[in-house]
Amino acid sequence: MIDFPAGLSALTDRYDVVLCDVWGVIHNGVRNFPEACEALERFNAGHGQVVLISNAPRPSNDVLAQLDGLNVQRSAWSAFVTSGDATRSLLAARAPGKVWKIGPERDEPLYAGLGLEAAGCEDADFICCTGLFDDETERAEDYRDRLKVAADRGLVFICANPDRVVQRGDRLIFCAGALADLYEELGGQVVMAGKPYAAIYDLALAEAERLRGRPVDRDRVLCIGDGIITDVLGAENQKLACLFVAKGIHGDKALGPDGLLAPEAVAKLLAAESVGAAHAIADLVW
């Protein structure tokens, strides 16, 4: 049975640690969500620790500038881990080597200091995908021919961002997870470290333990996110409670005719992916 709290304040007696998604929950890539930022700030100040857990394909230190640029106050969180942090260990294990880098120039910090050589699909040893080269104009299907060459060569595809789509302003854009799906369709092998996979949760919980100075009671950890097959599934796999932010990338699909959150619509969204969440809310508020 899904609980529908009015806000995060209704859950403070149940949880000591929040592992919160970033894109879609506290900003949309264009602007921050003030009420969500305030909710995290208030929890972080007086009720526990907030660890941001993002499928951003760059190291967390490199993503801080984006959060600062969107005026996400640093008082809203105490630690930050990314899919990029978890992916670097996968890359380091394959160094030295030749990598076909799929993704925009801004994701280059992921490879810094690892001693990997850039190559194309015809001569690389493996693939690392952080996203599309130009997510404003391209679609996953544009990569089919090149990915087919790599799949036929048996290259492993490391996906640095398991998200399939993300909300940018009022549009949905394709992410690395969409290319990973296509690569698997072509018969290729995909390896991921971000949500919903264990490596990024291990990093996040280690950060929570560092902040608290003692082991974390997993029954008192709350994951917050808007992605069903990343945030909700990841929490379920880790046996952690989840607050599903139902609007997010799903928009009006979770709303009834009155514009309010519709429990039956939320249940339908989750059931479609065979996952469950302890709690659900339209947007993150205090």
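## Lining of the largest pocket

In this predicted model, the lining of the largest pocket draws at least two residues from each of α2 (60–69), β8 (165–168), β9 (171–174), α7 (228–237) and α8 (263–272). The volume of this pocket is about 790 Å³, and of the 45 residues that line it, Asp-163, Arg-164, Val-165, Val-166 and Cys-175 are the closest to its centre.

Because domain 1 (8–55 + 197–281) and domain 2 (85–192) both give residues to the lining, the largest pocket lies between them. Sorted by class, its lining has 20 nonpolar, twelve polar and 13 charged residues.

## Second largest pocket

The second largest pocket, with a volume of about 300 Å³, is lined by 16 residues, and those nearest its centre are Gly-24, Arg-31, Phe-33, Lys-247 and Asp-283. Helix α1 (residues 34–46) supplies the largest share of this lining, namely three residues, while the lining by class has seven nonpolar, five polar and four charged residues.

## Nonpolar cores

The largest nonpolar core has 33 residues, within which Ile-26, Leu-40, Leu-52, Ile-224 and Leu-284 have the most contacts. Two or more residues come from each of β1 (17–20), α1, β2 (49–54), α2, β11 (221–225) and β12 (241–245), with α1 giving the most to this core, five residues.

Leaving aside residues up to four places away in sequence, Leu-52 touches Cys-20, Val-22, Ile-26, Leu-40, Leu-67, Trp-77, Ala-79, Phe-80 and Val-81. A second, separate core has 30 residues, including Val-51, Val-221, Cys-223 and Ala-254.

Terms used. Residues are numbered from 1 along each chain as its sequence is written. This is a predicted model: local features need pLDDT of at least 70, side-chain atom pairs count only at pLDDT 80 or more; totals for chains, interfaces and linings use all residues. Side-chain values use heavy atoms; hydrogens and water are left out. On a 1 Å grid over the protein atoms alone, a cavity is a set of points where a 1.4 Å probe fits but cannot get out, and a pocket is an open set with protein on both sides within 12 Å along at least five of seven lines; lining residues have an atom within 4 Å of a point. Grid points are joined across faces, edges and corners, and a volume is the space filled by probe spheres set on the points. Helices (H or I, at least four residues) and strands (E, at least two) are DSSP runs, numbered from the N terminus. Ala, Val, Leu, Ile, Met, Phe, Trp, Tyr, Cys and Pro count as nonpolar, Asp, Glu, Lys and Arg as charged, and the others, Gly among them, as polar. Domain bounds come from an automatic or database domain assignment. A nonpolar core is a set of buried Ala, Val, Leu, Ile, Met, Phe, Trp, Tyr and Cys residues joined through side-chain atoms within 4.5 Å. Buried means under 20% relative accessible area, exposed over 50%, partly exposed in between (1.4 Å probe, protein chains only). Contact means heavy atoms within 4.5 Å.
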